[in-house]
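This briefing is meant to be read alongside the sequence and the coordinates. Please keep both in view while going through the points.

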Amino acid sequence: MLELFWCVQMPTYEVTIYYHGEEVSTLEIEVDNPDELDDAITDIILDSIHTDGYAEIEFELFGKEFADEIFIGANEIAESILEFIDWDVEKID
């Protein structure tokens, strides 16, 4: 018996990622719904950010200035980094 499979090719997009205007990566992403492209890009970027969850901060307390390394949480740091990331999208096919 011959079985037929219907295969629909998802559109492919070339995505160039920038951090503070500097190109850091170019990816090819396939999504079946173009409305989900930004979410897919954001997920890929968040997955690619690796941090130990510590950050150096400067702050003032009762008029005295301090600098310290504190634990913030990797997710919060990644979300903050995301604010400085932009991307360009070009449909390949």
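The notes below begin with the chain as a whole and then turn to the sheet, the helices and single residues.

The structure is a predicted model, and its protein chain comprises two helices and five strands. Along the sequence these elements follow the pattern β-β-α-β-β-α-β. The radius of gyration is 20 Å, well over the 12 Å that the globule rule gives for 93 residues, so the protein chain is more spread out than a compact globule.

**Overall dimensions and surface**

- Taken along the principal axes, the C-alpha atoms of the protein chain fill a box of roughly 80 × 30 × 20 Å.
- Of the 93 residues in the protein chain, 22% count as buried.
- The protein chain exposes about 7600 Å², and carbon and sulfur atoms supply 50% of that area.
- Among contacts between residues at least 6 apart in sequence, 47% join residues that are at least 24 apart.

**The three-stranded sheet**

- Three strands form an open sheet in the order β2-β1-β5, and their pairing is antiparallel.
- Strands β2 (22-30) and β5 (85-91) stand at the edges with a single partner strand each, so one side of each is left without a neighbour in the sheet.
- From one strand to the next, the twist of this sheet averages 20°.
- Strand β1, which covers residues 12-19, pairs with β2 in the antiparallel sense over eight bridges.

- Threonine 16 lies in strand β1, and the residue standing opposite it in β2 is threonine 26.
- Is threonine 16 buried or exposed? With a relative accessible area of 12%, threonine 16 falls under the 20% cut-off and is therefore counted as buried.
- Leaving aside neighbours within four places in sequence, threonine 16 is in contact with Glu23, Ser25, Thr26, Asp86, Trp87 and Asp88.

- Helix α1, made up of residues 37-48, lies across β1, β2 and β5, and runs at about 130° to β5.
- In helix α2, which spans residues 74-82, the buried residues are Ile77, Ala78 and Leu82.
- Seen down the axis of α2, these buried residues fall within an arc of 140°, so they line one face of the helix.
- In general, an α-helix has 3.6 residues a turn, so residues three or four places apart point the same way.
- Which elements do the buried residues of α2 pack against? They pack against α1, β3 and β5.

- The relative accessible area of histidine 20 is 53%, which is over the 50% cut-off, so histidine 20 is classed as exposed.

How values were computed. Residues numbered from 1 in each chain as written. Predicted model: local features only at pLDDT ≥ 70, side-chain atom pairs only at ≥ 80, totals over all residues. Heavy atoms only, no water. Pairing = 2+ DSSP bridges. Helix = DSSP H or I, 4+ residues; strand = E, 2+ residues; numbered from the N terminus. Axes fitted to C-alpha atoms, helices over the stretch in contact; angles between N-to-C directions. Contact = heavy atoms within 4.5 Å. Rg over C-alpha atoms; globule rule 2.2 N^0.38 Å. Buried < 20%, exposed > 50% of the residue type's maximum accessible area, 1.4 Å probe, protein only. Areas by Shrake-Rupley, 256 points an atom, 1.4 Å probe, with all protein chains shown as cover. Arc of directions from axis to C-beta.
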